[in-house]
Amino acid sequence: MNDHPALALSTAIADRLAHPGTAPAPVTADGNRQHLALGPIGIALLHIERAAADLGPWQRAHDWLAAAARRPFTSGADSHPFYGAPALAHVLACAAEGLPGAYERDLDLLDRQVLDDVRRRLDAAHRRIDARQLPALAEFDAIRGLAGFGSYLLHRDPPSPALRAVLDYCVRLTEPITHDGDTLPGWWTLTGPSGRPDDRFPGGHGNSGMAHGIGAVLALLALAARHGTTTDGHHAAMRTVLAWLDRWETATPQGRTRPYWITRDELRTGRLTPATPRRPSWCYGTAGLARAQQLAALALGEPDRRAAAETALLDALTDPVQLRATVDTGLCHGFAGLAHLAGRTAADASSENAQRLRALLPVLLSTLLPPGTAPEEASAVLVDSAAGPGLLDGAAGTALGVLAASSIGSPQTPWDTCLLIA
């Protein structure tokens, strides 16, 4: 099935991004060099996955990694899972999975840096909890926080004490905190969704998303449990998050949807403010949370919840109103991300739901390569678009997202573990 149109699009994007010397300037700019989402290591991830699947040469991945690593990567307080040494560690770990023995010395060094970062962050987080203060999103989220670090540890060293310490923290994060007379979930933050103070969010918000909210913590706890790594209070913490998500889901004629976040006023009144339909995506909303809830249901042995999560994703992917709100192609909040989520969810779904999800893949993929459009033409548009060639929003992520959804089956490397969906 190597002639699948979406696979041809992935190949055309990879060919356009074959070498850093011929790539668009923004992706190789020094300001993006250490960014997994925007820079060369994200492009390397595309070539690593394609090489591991025998769809392209390893040399392309080596060239992109060499371009990124000409100078040292940041570690410590200024780094996080999508920036600096931890981001490079994820990419090299994927390369080592596809090419055993590669980058061993570099990975050993990076692993030590990641462990140092995790210990420092955990110490700060526990001091904050002990002081009964509310967290910043960057303390626990997938992009910048401990959920993202936990995902890396889960795939590098599942039995490690460091991973268990992260899981202990995740359990503590689900314990309620009282603030200004309100009992709040432990992940409530006083900022807006950007992580900065925001007048539109007086009293802060409770973020549900996979990128910046409690969805990532739920997914990490579920994935760890499925790998056989748990800690005290592990299942109870998952049920606490699930109860919160259940409390705020909304019934619509097309199915049940999940809000991006809850404001302080909504918490106090117990009612959601009416909002225009929002796109289902990995980063926020029904699609990513459906995967997290499916994983949690599998870990907890709750078939009814698993079926409900799979149905929620099916409803979102067949609701014209929600799909019209989706205007991007990328992994984070575009059609490639939806296609990849559908494929990952189908792999763990009941046979009926798996069949229904896979039947939607051609429709989702057709939005990326409309009939009659040459893959080379579409790839040029994507690479040169405002979203750029990067991993999270751009062309490289689009190319990765369509691979498994098109024809080659499950990913050959753990590239998508940074999204906490596998």
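Guide: Start with threonine 257, which lies in strand S5, residues 255-257. Keep in mind that this is a predicted model.

Visitor: Why is threonine 257 called buried?

Guide: Its relative accessibility is 19%. Buried means under 20%, so threonine 257 counts as buried.

Visitor: Which residues is threonine 257 in contact with, leaving aside neighbours within four places in sequence?

Guide: Trp248, Glu249, Thr250, Thr252, Thr286 and Gln322. Contact here means heavy atoms within 4.5 Å.

Visitor: What makes arginine 132 partly exposed?

Guide: Its relative accessible area is 45%. Buried ends under 20% and exposed begins over 50%, so arginine 132, at 45%, is partly exposed. Arginine 132 sits in the loop between helix H6 (104-130) and helix H7 (137-140). It has a positive phi of about 60° although it is not a glycine.

Visitor: Why does aspartate 180 count as exposed?

Guide: Aspartate 180 has 64% relative accessibility. The cut-off for exposed is over 50%, so aspartate 180 counts as exposed. Its place is the loop between strand S1 (177-179) and strand S2 (182-184). Aspartate 180 also has a positive phi, of about 50°, and is not a glycine.

Visitor: What span is expected of helix H17, and what does it reach?

Guide: Helix H17, residues 351-366, has 16 residues. At 1.5 Å a residue, 22 Å is expected. From first C-alpha to last, H17 reaches 24 Å, close to that value.

Visitor: Where does the kink in H17 lie?

Guide: At leucine 360, shortly before proline 362. The kink is about 25°. Leucine 360 is also one of the buried residues of H17, along with Asn353, Ala354, Leu357, Leu361, Leu364 and Leu365.

Visitor: How many aromatic pairs does the structure hold?

Guide: Six.

Visitor: Why is the pair of phenylalanine 201 and tryptophan 261 called edge-to-face?

Guide: The ring centres are 5.6 Å apart. Rings pair if their centres lie within 6.5 Å, so these two form a pair. Their planes are at 80°. Over 60 degrees counts as edge-to-face, so this pair takes that label. It links distant parts of the chain, 60 residues apart. Phenylalanine 201 is in the loop between S2 and strand S3 (205-207), and tryptophan 261 is in strand S6, residues 261-263.

Visitor: How do you know whether these two residues are buried or exposed?

Guide: Phenylalanine 201 has a relative accessible area of 10%, so it is buried. Tryptophan 261 counts as buried at 18%. Tryptophan 261 also forms an edge-to-face pair with tyrosine 260, at 5.7 Å centre to centre and 75° between the planes. At 11% relative accessibility, tyrosine 260 counts as buried. Ring pairs link Phe201, Tyr260, Trp261 and Tyr284 into a cluster.

Visitor: What makes arginine 278 a charge over the ring of tyrosine 260?

Guide: Its charged end is 4.8 Å from the ring centre. The distance limit is within 6 Å, and the charge must also lie within 35 degrees of the ring normal. Arginine 247 likewise has its charged end over a ring, that of tryptophan 248, 4.1 Å from its centre.

Visitor: Which residues touch the most other members of the largest nonpolar core?

Guide: Ile13, Leu36, Ile41, Tyr169, Met238, Trp282 and Leu420, out of 137 residues. Helix H10, residues 214-226, gives the most to this core, with eleven residues.

Methods
Residues numbered from 1 in each chain as written. Predicted model: local features only at pLDDT ≥ 70, side-chain atom pairs only at ≥ 80, totals over all residues. Heavy atoms only, no water. Helix = DSSP H or I, 4+ residues; strand = E, 2+ residues; numbered from the N terminus. Buried < 20%, exposed > 50% of the residue type's maximum accessible area, 1.4 Å probe, protein only. Expected span 1.5 Å × (residues − 1). Bend = angle between axes of the 7 residues up to and from the residue. Phe/Tyr/Trp six-rings, centres within 6.5 Å; stacked < 30°, edge-to-face > 60°. Core = buried A, V, L, I, M, F, W, Y, C linked by side-chain atoms within 4.5 Å.
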